[in-house]
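Colleague: Could you take a close look at one part of this model, the place where the two chains meet, and describe it in one connected account?

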Amino acid sequence: MKILTLWSLFSTYLLASSLNIENHAAQFFSSGHTNNWAVLVCTSRFWFNYRHVANTLSVYRSVKRLGIPDSHIVLMLADDMACNHRNPKPATVFSHKNMELNVYGDDVEVDYRGYEVTVENFLRVLTGRLPPSTPRSKRLLSDDRSNILIYLTGHGGNGFLKFQDSEEISNVELADAFEQMWQKRRYNELLFIIDTCQGASMYERFYSPNLMALASSQVGEDSLSHQPDLAIGVHLMDRYTFYLLEFLEDIHPASKTNMNDLFKVCPKSQCVSTPGHRTDLFLRDPGSVLITDFFGSVRKVEITMETINLTDPIEQVEQSPVNGELQKERNSYVDQLPVSEIIHQKPKQRDWHPPDGFILGLWTLILLVFFKTLAFQETAVGSKPPYRVQ
Amino acid sequence: MLFKTVNLRRRGQLAALSIAAVVILIGVPLWWRTTETYRAWLPVSQIQELANLQLQLSADVEVVFARGTVTPEQQKKVPLTLTQDDEHVVDEDTALRYRYETRYRTATIMEEDALNQPTAAEADLSLHTLSESPCGSLVVYVIPESSSLLPEDVDVYVGQRRTALLRIGAQTRVGRTLEQLLSHLEPRVKQVLQVMSFSHTDITAALSDRVRLSPGNKESIADSMRAFKSSPGYEITFSLLNPDPKSHRLHWDIEGAVQTYIQPLLRKLAPLANFSIDSQTLYYAMLGVNPRFDSSRSAYTLNSDSLAHVINPVEARLGSNAASSNPVLNFLLYVPDAHHSPLHINDHKKQEVPSNAFHSPRWGGIMVYNVNDFYGPEAAFPVDINIDMAKVMGVFLAQLRLLLGVQSSAPPPRFLVAPCSSAGIADWELDRLMWSRSVENIATATTTITSLAQLLDQIGNIVINDNIAQQVSSAVTSLQLAVAELESGNLRFALQYSKEAILASERAFFDPSLLHLLYFPDDQKFAIYIPLFLPMCVPILLSLLKIVSDARQRRREKHAKAD
């Protein structure tokens, strides 16, 4: 009897462990992605927007810590805070009061810097329509099995996000860009996080599948900053990103935390604004989506079971041609600027356009005045008595 | 005076009318033409036709009866040719038809001699010397049950070229008439075809860009995620990781090894893609995981759960070619440091993996090479070690086959597949890869072109230049040619056209000029145009109204006068 119970316990244990392994394998392949990308964008410049750069760099640091390599991160910073003249601690960007955490470090790889961060470049990166001369580090080379994290921060409003204090991207353009990404299967799943004022308006217009969006505030609310640092003189972080980072510090590459916990980050009591999220376009249940599916890069691995038996000996590669002299190839550097084109530049042929807008209105006004005065002259003539005093 | 005022009024009316005429007849069309975006003509109707994809794949099979498999009466009716069609509807836009043209004949004397060899591998070799089957076709030799070529439990032997040996049952069991024989043979030949040419699952997996099928079991998901997608080029990087240069001085003849072992495979795969190979050595590159010491085997072990975390810290250090955007396959050879040697990889069941290697889907492979056997404990460090490249390349070649999609899933029961030739790929594997890549290229190119046409239709303010229209037209032409070649069974041409189609369609879709102009909501458009046009239009409208009211008044006066 005892042996029977022992045996049944043992077999159930074996079954449970094998099921566990099966489940593990199943979970491994349930997310359907093989690589991870991150596009982190800070859209505002000037010293008093220090906190936006600190936001983006903190998310960059977390994402790198959880495993996404630099070659898979596109980091766009609109201004250089670390080497700004007003920075009392040069070469540092702090994200916490009392200068506890320097997020700039010495292995930050910024792909788009300064004035290169424009709406056009951002949309080009997303849709992949970059000029052929763009290097690999500035491209988003995702495929249909990539999970992409997109993080935007800056100043925003109802339906738009301000870039560099001179242009805006609207939520319709963003939704169209994501649709173009979907049409070309440039992502498997996409997580969109935005930390600006009225951030929820930016994800209202999404219509492509497999998108999940989080925002730091609803329409009509402002996202507030966390705390100023008296030594540096500006606010260091925004509240939502601060609490998001606190949450991410507890995540390590093997953790099993899911998205429902991410939605609870920064409730109204801490954030003053109400964070929002949108999951209706996402196919999987958010409770089954791991944080590391987007923020980290956990690779799937398979053991190599088969090998090929190679028996041929290695042939020796010829070192030099038979006739004994080494052929030397002359290499030269390519000009950085197209010098010959600049020197011999002809004035550009501009197509003739008919006069538009203002000029057209001006000419019409002149014509009107002319006809009016003509008519006036006639009436003036007509008002003279028809008979002349002779 | 009345006459003069009438004249004046008439002139005023004429002036107002002529200005209105100029504005409406010349101004409005001019404004319309100058503010519209330039959109070159696209062959939209042909693109719509392509959106509805009807693919036909044709395979030629030759079934050769050896002596002892057909009775003399049956032999009289052979040779004959049969054609069979299999239709599958994948979804409302995609339909597949498989056409099998089967030619039955009896074996020639030379083929009979070849089949008399002692083993199947030698028979395969001598059969190949007799004739070479063209790309995309198969020859199946039917051998009698009594033949000793195949071992007891094996019914089908798949050779290294495009031949297979099929063992048939005794004539008494099969049947006396030719029809019975053929009906017995047909499903077995089809099974061989599914292994060696194309099967429905392979082709539908290749269509995954077009048709998002619900995933089947875990194995099919894993299979579909493992191989790289079709791309015009691939970069292969071999890296040697030496974390302990103070103890080990490693020498590997990578150039010779690549030339001898890898290049033959890549040369055979040349119609599919361009390959570029480079190699590098990394010093002081540690694995990100701490191996555990297993005292029972007195070796360090890495268990399968921790393997997933090995790749990321290393990947940050690996260089890659900055100039190209082709997918990269990384093959890493890790030689453990002297303090952590030997290092073994364990699988889920805590068994040692014989190859000591693992691979990651769509990334590459890592192999751990233990060198502690090469020197004794009293050796003077650093020790010179020559790495056995044949063993290493055996593993990397197997991983390369998996990652490029050459390797298939396990063959059906009672099938024996010949081991890999020195080239690393059998001819029928190449054919199978070419079938699925052609279908994949055609599916991707049609999706790209139709979605481009749809996008350009939806977003009205994208400028379409002439070069884009030309790329689209050439992509459409290549696609039509590729589908036609696939129908007639010319596999090589179909692959070539499909590659051209995909290159042209990608170039058209990703052209930098296709960025949509800024989005203007309607209220902004009104805000721009009203200050320009309203001041001009108000006097015209007022004078037109005045003309109309004057005409009405005059008519009323005329009526009043008439009364």
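**The interface of chain A and chain B**

Modeller: Since this is a predicted model, what follows is computed from its atoms. Across the interface of chain A and chain B the rule finds six salt bridges, and one that can be named has the side chains of A:Lys184 and B:Glu506 meeting at 2.9 Å, N to O. Counted by polar contact, with both residues at pLDDT 80 or more, chain A and chain B share 16 residue pairs.

On the side of chain A that touches chain B, the elements giving two or more residues are helices H1 (2–30), H3 (119–127), H4 (171–183) and H9 (357–383), together with strand E11 (302–303); of these, H9(A) gives the most, with ten residues. By class, the residues of that side divide into 28 nonpolar, 19 polar and 21 charged.

Strand E11(A) also pairs across the boundary, being joined by two bridges to strand E14 (residues 357–360) of chain B, and the two strands run antiparallel. Within this pairing, A:Ile303 stands opposite B:Phe358 in E14(B).

As for extent, 68 residues of chain A are in contact with 82 residues of chain B, and the area buried between chain A and chain B is about 6,900 Å², of which carbon and sulfur atoms give 63%. Of the area that chain A buries against chain B, A:Arg129, A:Arg136 and A:Leu310 supply 11%, more than any other three residues.

Key. Residues are numbered from 1 along each chain as its sequence is written. Chains are lettered from A and ligands numbered from 1 in the order in which they are written. This is a predicted model: local features need pLDDT of at least 70, side-chain atom pairs count only at pLDDT 80 or more; totals for chains, interfaces and linings use all residues. Side-chain values use heavy atoms; hydrogens and water are left out. Contact means heavy atoms within 4.5 Å. Buried area is the accessible area (1.4 Å probe) that two parts lose on being put together, summed over both. A salt bridge is a side-chain nitrogen of Lys or Arg within 4 Å of a carboxyl oxygen of Asp or Glu. A polar contact is a pair of N or O atoms within 3.5 Å; within protein, one must be able to donate a hydrogen and the other to accept it, and residues adjacent in sequence count only if both atoms are side-chain atoms. Helices (H or I, at least four residues) and strands (E, at least two) are DSSP runs, numbered from the N terminus. Ala, Val, Leu, Ile, Met, Phe, Trp, Tyr, Cys and Pro count as nonpolar, Asp, Glu, Lys and Arg as charged, and the others, Gly among them, as polar. Two strands pair if DSSP finds at least two bridges between them.
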